[in-house]
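I have a new structure open and want to get my bearings in it. These are my notes, in the order I looked things up.

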Amino acid sequence: MDDVRASSAWVASHSSHVVVDSSGIEKVAETIDTIPKVNWDFEGIHYFDNGPLTVQYLFVLDALNFCFWPDKDLNYDNLAAGLKAALQNDKSVFDADRLQKYTGPELRELLKWPRPLPLEDERVRLLHEVGFELERSFDGKASNLVESCGKSAVKLVALVTRHFPGFRDHSVYKGHQVFLYKRAQIFAADLWGAFGGQGYGEFYDIGSITIMADYIVPAVLRQLGVLKYSATLASMIEANSQIDAGSEEEVELRACSIYAVEKMKELISMKSGKQVLSIELDLWLWSFGIQCPTLQHHRTLSIYY
């Protein structure tokens, strides 16, 4: 995760369209004595049986956890709850051999969704990739992938990005490679949250995980006065214009969010004298954002978030 932090800091120091406001970070840190605790499954939408099937479910969920906005009625809850219902109906639905065979219409049927999903072909491709590599390298089980990381969240992210190309969330920005790894990190975070830091969710280095840079967190940070946008970028977002994946604007929105929350975490930790986890801040910011329906976020077609 050092690469994520270092490359995000580099973007923040060379940014042309997004500014991290230090005074905004300080104001937020001053108002927070402790991070409001948000339970991982606060909406009750996830499958959990305290065993390997939950790990398989979470890996499939995080393989598909991206780009809902093109369908105004579709969101993360539909995905999480739809996959949960499918698994409750058929415990073999996420077996590695079956993951390799799903079609777009079959995925829609699993989710009980009435029309094509955004980036549906990519979602199906990633399901096939997950099934193939789980079968080839981990005896078909995501739990074996997790067990092979030796209770290290950092090693888990490295293993996921090494074996599954669809999780390799990085860009080139002004000639420098930038690592963001949203979905690989959220898999570790989901395991930690679901299992309460025990069993499959026990990681001795969970504090190394950064926030998961998506659509919602940058918009919340802007509303809190932590991020400031150029007039051009602000008008693009307000007009719901699409921002290209890998563009300077898109990379800056995500990387500056990571850098800003790392700084926020440091200030809150110093103030409270306690360890603060980025994933706790991330869950708080994300839950804040999804409860604000008027929040305007950037729009990018991407398989990474």
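Predicted model: local features only at pLDDT ≥ 70, side-chain atom pairs only at ≥ 80, totals over all residues.

I started with serine 92, which sits in the loop between H4 and H5. I'm using helices (H or I, at least four residues) and strands (E, at least two) as DSSP runs, numbered from the N terminus. Serine 92 comes out as partly exposed because its relative accessibility is 25%; buried means under 20% relative accessible area, exposed over 50%, and partly exposed in between (1.4 Å probe, protein chains only). I also checked serine 92 against alanine 219: they are 127 residues apart in sequence and 38 Å apart in space, C-alpha to C-alpha.

Residues are numbered from 1 along each chain as its sequence is written, and side-chain values use heavy atoms, with hydrogens and water left out.

Next, salt bridges. I count a side-chain nitrogen of Lys or Arg within 4 Å of a carboxyl oxygen of Asp or Glu, and the structure holds 16 of them.

One of them joins aspartate 71 and arginine 115, at 2.9 Å from N to O. Aspartate 71 is in the loop between helix H3 (52-64) and H4, and arginine 115 in the loop between helix H6 (104-111) and helix H7 (120-137), so the pair ties together parts 44 residues apart in sequence. I looked up cover too: aspartate 71 is buried, at 8%, whereas arginine 115 is partly exposed, at 31%.

Another pairs arginine 254 with aspartate 169, the closest N and O atoms being 2.8 Å apart. Arginine 254 is in helix H13 and aspartate 169 in the loop between H9 and strand S2 (170-173), 85 residues apart. Both arginine 254 and aspartate 169 are buried. I also noted that salt bridges with shared partners join Asp71, Lys72, Asp73 and Arg115 into one network.

That took me to H13 itself. How many residues does helix H13 have? It has 25 (residues 248-272), and it reaches 36 Å from its first C-alpha to its last, close to the 36 Å expected at 1.5 Å a residue; the expected span is 1.5 Å times one less than the number of residues. Just after H13, glycine 273 takes a positive phi of about 70°.

Last, I looked at serine 235, in helix H12 (residues 231-238). Serine 235 is partly exposed, at 38%.
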